[in-house]
Every structure is written in C-alpha cells, then in structure tokens.
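Please look over the sequence and structure below. A short briefing on the chains, their packing and a few single residues follows.

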Amino acid sequence: MSGTTPHITPYKTLGIILLILLVFTFITVEITSIHLGALTVTVALLIAGFKGYLVLTYFMHLKHESTLLKILVAMVFVLFALIVVITFIDYAFR
Amino acid sequence: MSNQVNHAHVHRDDEAQKLGMWLFIFTELLLFGGLFLVYSIFRVQYSANFHESSLELSVTFGVINTVVLLISSMSVAFALTAVQKGNYKFAMQMILLTVILAGVFMVNKYFEWGGKFHHGLYPGSDLMEFLDNGHHLFFGLYFFMTGLHGLHIIIGVILLLISYVKIKRGKIQSDNFMHLENAALYWHLVDLIWIFLFPLLYLIS
C-alpha cells in the first residue's frame, strides 16, 4: 500500500462478488451431476480456482495491495503446483 | 514514508502486521495443500473406492454449508468496510451475523458427521473391516480434512469475537483496524479452503 488512506471496498462490490460466487457454486453442482469423465474434475477445479481468485482479490483485498504481496501469494500457488506436478511424475514413472 | 510522518507518535506498523498475517496464511495454505495432494494421489490409486465413498456424502449438506460460508465471508468483509467508514454499530452486527453463520455451519457438520458415525462410516468401525483400503482412506481423509477445517472455523470465531469486544471498547476504530482486518483475512482463508474441499470431497465422483 502506498498511500496513507487504505482503500475501502464498497458494500456493492462485495455483494456482487457474493452473487457471482453463489452462481458458480450452483454451476459446479450442476456440471458435476452430468458425467463427463475426467473433464468433470478439470471443470470443477477450474471453477474452484476462479472462485478462489475472486475471494483473494476482492474479499481479501489483494487488488489494492502492494505488488510485493501479490507476487508472494502467486509464488505460494506456483510452489504448490510444482509440488503436485513433481509428486505425480514420481508416481507415474516409478 | 508519509505514513510515519502522519502517525509519528503511534508505535504501530500496519503493513508489517498485515504481512505477518499473510505469511501465516501461506503456511496454512501449504498445510491444506499437502492434504489435497495426499487426497489426489489416493484418488488416482483407488478411484473406484473413492467414487463409491463420495456418493455416501450428502451434496445437499455440502451446498448449504458452502452457501453459509460464502455469505459469512461477505458479512465479515462488510464488517471491515463498516469499521473503515466509522459505522461501528453495523460492523458489530455483521460480526455477530458471521458468528451465527459459523454456528449454522458447525451444526450442519455435527449432523453430517453424526450420520456417518451412525452408519459406521468412520475409520476403525466394524463395517470398515469389510470394506477395501480405498474406503478407509477416503473416510480417514474426509474426517481429517473437514475436522481440521472445523477447528479453523472455531479459531476464526474466537478471533472475530475478540474483534467484536475491541470495537465495543473503542480499541478498533476507523484509523486503527488491523486486528479486525487480520481476523477477517483468517476468516476468508477458511472460506477459501472450503471452496476447494467442497468439490473435491462431495462432487467429483
């Protein structure tokens, strides 16, 4: 944060984000009830990822945080993705 | 920085407090991340068992709890906005609403877990002796992950109630709200974890 006054997220923005999150929750439920095989998992996780992004950006105010913090948060997810990929490679080729 | 000029007499560093909270949140994310990884590996290895087991979970309970947590996440964000605008009464009402919603979540969880125990679907039960390893693993992970998440809900409620008292006593004000901001961050983390737990445990089968 650069200024002395923190950014105040308006009630309206928070309400809209909640609505989007609820809509995507019901979309996930509907989509996973149709059996699409491996695609179901991918779609469900993509939607969960998008919902997580909204929570981090708006509810947790990352949108108005310093670049340093944004990079740090991104790095945690990159680190986790790497751990997942390396572990699965290990299981696939042993 | 201009911040220090304006508050030269206050021994306080909001940025550092917030960064500290975020660093703690990173450790929490990796803690649950590790559990998600364990779940994923066993899901691949015992896909048939995991499929059958996850059908035992009630999607209705899961959806209700997801909606409850999402609304509570917004209400706690409302509380922070209200404090920043100086509307303390509304902020306290929003914190109470969040705590009540957390209560609803836990009561739901109580009935859900109770149902599983009633049907003998818990690690070490007599029924489990007759089931495959995959079922053991699924319910072991289900109870551990939702249990650990439930513990976070309880801690979050305690932090929010402390914020409530601090607002009431005037310790949290529109120019000094880091305690509430960090408590709210913790609460959003609880919501964030559930966003991934819900589809993984209840939906993908």
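In chain A, the C-alpha centres of domain 1 and domain 2 lie 21 Å apart. Domain 1 of chain A covers 10-60 and domain 2 covers 65-94, with bounds that come from an automatic or database domain assignment. This is a predicted model, in which local features need pLDDT of at least 70, side-chain atom pairs count only at pLDDT 80 or more, and totals for chains, interfaces and linings use all residues. Residues are numbered from 1 along each chain as its sequence is written, while chains are lettered from A and ligands numbered from 1 in the order in which they are written.

**Chain B overall**

- Chain B has 7 helices and 0 strands; helices (H or I, at least four residues) and strands (E, at least two) are DSSP runs, numbered from the N terminus.
- Read from the N terminus, the order of elements in chain B is α-α-α-α-α-α-α.
- The C-alpha trace of chain B spans about 70 × 30 × 25 Å along its principal axes.
- Of the 205 residues of chain B, 35% count as buried. A residue is buried if 20 or more other C-beta atoms lie within 10 Å of its own, exposed if 12 or fewer, and partly exposed in between, with C-beta atoms placed from the backbone.
- Among contacts in chain B between residues at least 6 apart in sequence, 77% join residues at least 24 apart; two residues are in contact if their C-beta atoms, placed from the backbone, lie within 7 Å.

**Interface between chains A and B**

- In total, 33 residues of chain A are in contact with 34 residues of chain B.
- On the chain A side, helix H1 (11-33), helix H2 (38-59) and helix H3 (67-92) are the elements that give two or more residues.
- H1(A) provides the largest share of that side, 10 residues.
- The chain A side divides into 23 nonpolar, 9 polar and 1 charged residues. Here Ala, Val, Leu, Ile, Met, Phe, Trp, Tyr, Cys and Pro count as nonpolar, Asp, Glu, Lys and Arg as charged, and the others, Gly among them, as polar.

**Helix packing**

- H2(A) and H7(B) pack at an angle of about 170°, with their axes 10 Å apart. Axes are lines fitted to C-alpha atoms, for helices over the stretch in contact, and angles run from 0 to 180 degrees between N-to-C directions.
- H2(A) and H7(B) are therefore roughly antiparallel to each other; angles under 35 degrees count as roughly parallel, over 145 as roughly antiparallel, 65 to 115 as roughly perpendicular and the rest as oblique.
- Residues of H2(A) in this contact include A:Ala44, A:Ala48, A:Lys51 and A:Phe59, and those of H7(B) include B:His188, B:Asp191, B:Ile195 and B:Leu203.
- The contact of H2(A) with H7(B) comprises 10 nonpolar, 2 polar and 2 charged residues.
- H1(A) and H2(A) also pack at an angle of about 170°, with axes 10 Å apart, which makes H1(A) roughly antiparallel to H2(A).
- Among the residues that meet there are A:Leu14, A:Ile17, A:Phe24 and A:Ile31 in H1(A), and A:Val43, A:Ile47, A:Leu54 and A:Tyr58 in H2(A).
- The contact of H1(A) with H2(A) divides into 14 nonpolar, 4 polar and 1 charged residues.

**Largest nonpolar core**

- The largest nonpolar core has 63 residues, of which B:Val76, B:Ala77, B:Ala79, B:Leu80, B:Val83, B:Leu180 and B:Ala184 touch the most other members. A nonpolar core is a set of buried Ala, Val, Leu, Ile, Met, Phe, Trp, Tyr and Cys residues joined through C-beta atoms within 7 Å.
- Elements that each supply at least two residues of this core include H1 and H2 of chain A and, in chain B, helix H4 (59-84) and helix H7 (178-203).
- H7(B) gives the most to the core, with 17 residues.
- Leaving aside neighbours within four places in sequence, B:Ala79 is in contact with B:Ala91, B:Met94, B:Ile95, B:Thr98, B:Leu180 and B:Ala184.

**Single residues**

- A:His61 is found in the loop between H2 and H3 of chain A and counts as buried, with 22 C-beta neighbours inside 10 Å.
- Phi of A:His61 is near 60°, a positive value in a residue other than glycine. Most residues other than glycine have a negative phi.
- B:Leu121 is found in the loop between H5 and H6 of chain B and counts as buried, with 21 C-beta neighbours inside 10 Å.
- Beyond four places in sequence, B:Leu121 is in contact with B:Glu56, B:Lys116, B:Leu127 and B:Phe139.
- B:Ile154 lies in helix H6 of chain B and is exposed, with 12 other C-beta atoms within 10 Å.
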